[in-house]
Amino acid sequence: MNPEALKALGLNDEQVKGAMALYGKDLNPLKEQVTSLTTERDAAKAQVTTVTGQLDQLQKDHKSDSELKAEIDKLKEANTQAEKDAAAQLNQVKLDSATNLALLQSGALNAKAVTALLNKDALKLDDKGNLTGLDDQLKALKEADDSKFLFKAADPADKKPNSPQITTQGNPNADPANGTSMVDKIAARLAGKTI
């Protein structure tokens with residue numbers, strides 16, 4: 001789906017933006033899932049390749065039992081560390097994806113610019129995978145003087161109570177004669193009557 005195809009169907013710019021925003025909301029979780037799965041797969045492939053290569057090298061060397069045991073213990077420790085590193089990398093990918101999605105939903109105009117202003121150490125994923133530590137930071141950023149460059153403007157439906165009411169069509173006082181036509185009023189004045 002692209003904006004040009006939607007415009008070709010007869011949608012105006014606002015409708016295209018709305019459709020693309022809805023499309024993005026559906027697409028972003030899928031992108032996050034693909035990124036997570038790709039990261040897991042790549043980490044697993046790298047780990048299997050490393051372990052296989054190390055075991056092959058051990059078989060070629062035919063070391064004594066004590067040397068072989070020490071080498072296997074060393075490899076086990078290295079593999080455990082590799083698993084921890086892969087888990088940390090996957091967690092970071094999930095955290096980054098959740099942060100970007102939350103920023104888009106909060107109306108951020110440029111997710112990278114807003115991310116640069118965040119305290120990333122305060123951002124965490126809870127047990128259910130929900131992002132924590134972002135709401136207070138976003139509130140502070142939105143209240144800042146330069147937030148108009150970071151976030152979309154407030155919805156016109158949320159306008160202030162003292163803002164003027166603008167009528168776009170027709171005359172709000174369409175019958176100034178209060179039911180009496182102008183011809184009748186002129187005729188009455190000429191006759192000396194007041195209506």
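**Entry 1: helix H3**

I looked up the buried residues of H3 and found Leu 75, Asn 79, Ala 86, Leu 90, Val 93, Leu 95, Ser 97, Ala 98, Thr 99, Leu 101 and Leu 103. Buried means under 20% relative accessible area, exposed over 50%, and partly exposed in between (1.4 Å probe, protein chains only). The model is predicted: local features need pLDDT of at least 70 and side-chain atom pairs count only at pLDDT 80 or more, while totals for chains, interfaces and linings use all residues. Residues are numbered from 1 along each chain as its sequence is written, and side-chain values use heavy atoms, with hydrogens and water left out.

I then asked what covers these buried residues of H3. The cover includes H2, helix H4 (111–116), strand E1 (124–125), strand E2 (131–132) and helix H5 (135–143). Helices (H or I, at least four residues) and strands (E, at least two) are DSSP runs, numbered from the N terminus. Contact is defined as heavy atoms within 4.5 Å.

I checked the length of H3: its 41 residues should span 60 Å at 1.5 Å a residue, and its end C-alpha atoms are 59 Å apart, which agrees. The expected span is 1.5 Å times one less than the number of residues. After H3 comes Gly 107, with a positive phi near 95°.

**Entry 2: overall layout**

I recorded six helices and two strands, in the order α-α-α-α-β-β-α-α along the sequence. Of the 195 residues, 18% are buried. Of the contacts between residues at least 6 apart in sequence, 50% join residues at least 24 apart.

I examined Ser 36, which is found in helix H2. Ser 36 counts as buried because its relative accessible area is 7%. Leaving aside neighbours within four places in sequence, Ser 36 is in contact with Leu 90, Val 93 and Lys 94.

Ala 43 also lies in helix H2. Its relative accessibility is 18%, so Ala 43 counts as buried. I noted 9.0 Å between the C-alpha atoms of Ala 43 and Asp 85, which are 42 residues apart along the chain.

**Entry 3: the largest nonpolar core**

Which residues make up the largest nonpolar core? I listed twelve: Leu 95, Leu 103, Ala 108, Ala 111, Val 114, Leu 118, Leu 123, Leu 134, Leu 138, Leu 141, Leu 150 and Phe 151. H3, H4 and H5 are the elements that give two or more residues to this core. A nonpolar core is a set of buried Ala, Val, Leu, Ile, Met, Phe, Trp, Tyr and Cys residues joined through side-chain atoms within 4.5 Å.

For Leu 134, neighbours within four places in sequence aside, I found contacts with Ala 102, Leu 118 and Leu 123.

**Entry 4: the largest pocket**

I found about 310 Å³ of space in the largest pocket. A pocket is an open set of points on a 1 Å grid over the protein atoms alone, where a 1.4 Å probe fits, with protein on both sides within 12 Å along at least five of seven lines; lining residues have an atom within 4 Å of a point. Grid points are joined across faces, edges and corners, and the volume is the space filled by probe spheres set on the points.

Its lining includes Ala 21, Lys 25, Leu 104 and Lys 152. H2 gives the most to this lining, with four residues.

Leu 104 is placed in helix H3. I classed Leu 104 as partly exposed because its relative accessible area is 45%. The C-alpha atoms of Leu 104 and Phe 151 are separated by 9.4 Å.
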